[in-house]
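Dear colleague,

Please find below the structure that I am handing over to you, together with its sequence. My findings follow directly after it.

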Amino acid sequence: MAFEYLYKEYLNAILLSTLGTTYAKADLSNVITKSLGLNGYYKFPDGLVIQWGTNYSSCQYRTIYFPISFYDLNYSVLTNIQAQTNVQTVVCTTTDTYTKSSFRVIGAFIQTSMTFGYPGEPIRWIAIGKWK
């Protein structure tokens with residue numbers, strides 16, 4: 001049994017060496033890579049990538065940079081505001097100015113007293129698109 005295994009391995013080694021180095025190399029483009037941090041991503045072998053993160057700035061316009069760039073602009077982003085402590089406040093976000101490596105979030109709030117402003121709470125986001 002062990003002899004058959006060694007013989008098959010020997011034949012495979014000879015076959016690969018006769019094909020040349022071009023065919024013997026592994027295709028590393030199909031390796032899954034990931035970064036599972038607060039701002040992270042998960043790259044799938046078929047070209048799909050999911051990215052996520054949290055932005056802590058407190059201005060009306062926030063530019064969010066992706067951990068890795070998308071292949072093109074055909075991606076989708078969802079944003080939300082981290083939980084409010086004041087339940088009488090309505091906070092909303094919208095996105096614009098898309099690039100392969102970033103997008104912009106516009107945030108605003110209105111209180112029942114009809115006061116307007118910009119949210120200071122963190123904005124969480126998730127994006128899905130292609131990496132190749």
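I begin with a salt bridge, that is, a side-chain nitrogen of Lys or Arg within 4 Å of a carboxyl oxygen of Asp or Glu. The side chains of lysine 130 and aspartate 72 form one, at 3.2 Å from N to O. This pair ties together distant parts of the chain, 58 residues apart: lysine 130 lies in strand β9, and aspartate 72 in the loop between β4 (61-65) and β5. Helices (H or I, at least four residues) and strands (E, at least two) are DSSP runs, numbered from the N terminus.

Two notes on the source are needed here. The model is predicted, so local features need pLDDT of at least 70 and side-chain atom pairs count only at pLDDT 80 or more, whereas totals for chains, interfaces and linings use all residues. Residues are numbered from 1 along each chain as its sequence is written, and side-chain values use heavy atoms, with hydrogens and water left out.

For exposure, buried means under 20% relative accessible area, exposed means over 50%, and partly exposed lies in between (1.4 Å probe, protein chains only). Lysine 130 is partly exposed because its relative accessibility is 34%. Aspartate 72 has a relative accessibility of 16% and therefore counts as buried.

The count of salt bridges comes to two. In the other pair, the side chains of aspartate 96 and arginine 104 meet at 2.8 Å, N to O. Aspartate 96 is partly exposed, at 23% relative accessibility, and arginine 104 is also partly exposed, at 25%.

**Overall layout**

The chain contains two helices and nine strands, and along the sequence they follow the pattern α-α-β-β-β-β-β-β-β-β-β. Of its 132 residues, 25% count as buried. The chain exposes about 9000 Å², of which carbon and sulfur atoms supply 61%; accessible areas come from the Shrake-Rupley method with a 1.4 Å probe, and for residues only the protein chains shown count as cover.

Contact means heavy atoms within 4.5 Å. Among contacts in the chain with a separation of 6 or more, 58% are between residues 24 or more positions apart.

**The open sheet**

Five strands make up an open sheet with antiparallel pairing, in the order β1-β2-β3-β9-β5. Two strands pair if DSSP finds at least two bridges between them. β1 (33-35) and β5 stand at the edges with a single partner strand each, so one side of each has no neighbour in the sheet. From one strand to the next, the twist averages 10°; axes are lines fitted to C-alpha atoms, for helices over the stretch in contact, and angles run from 0 to 180 degrees between N-to-C directions.

Within the sheet, strand β3 (residues 48-55) and β9 run antiparallel and are joined by eight bridges. Asparagine 55 stands opposite isoleucine 123 in β9.

**The nonpolar core**

A nonpolar core is a set of buried Ala, Val, Leu, Ile, Met, Phe, Trp, Tyr and Cys residues joined through side-chain atoms within 4.5 Å. The largest one has 15 residues, and Phe66 and Phe103 have the most contacts inside it. β5 (76-81), β7 (102-111) and β9 (123-130) are the elements that give two or more residues to this core. The largest share, three residues, comes from β9.

Beyond its neighbours within four places in sequence, phenylalanine 103 is in contact with residues including Arg62, Ile64, Phe66, Val77, Thr97 and Trp125.

**Three further residues**

Isoleucine 64 is placed in strand β4 and is buried, at 3% relative accessibility. Its C-alpha atom is separated by 7.4 Å from that of valine 105, 41 residues apart along the chain. Leaving out residues up to four places away in sequence, isoleucine 64 touches Asn55, Ser101, Ser102, Phe103, Val105 and Trp125.

Serine 102 is in strand β7 and is buried, at 8% relative accessibility. With residues up to four places away not counted, serine 102 touches Thr63, Ile64, Tyr65, Phe66, Tyr75 and Thr97.

Threonine 97 sits in the loop between β6 (89-96) and β7. Although threonine 97 is not a glycine, it has a positive phi of about 50°. With a relative accessible area of 48%, threonine 97 is partly exposed.

With kind regards
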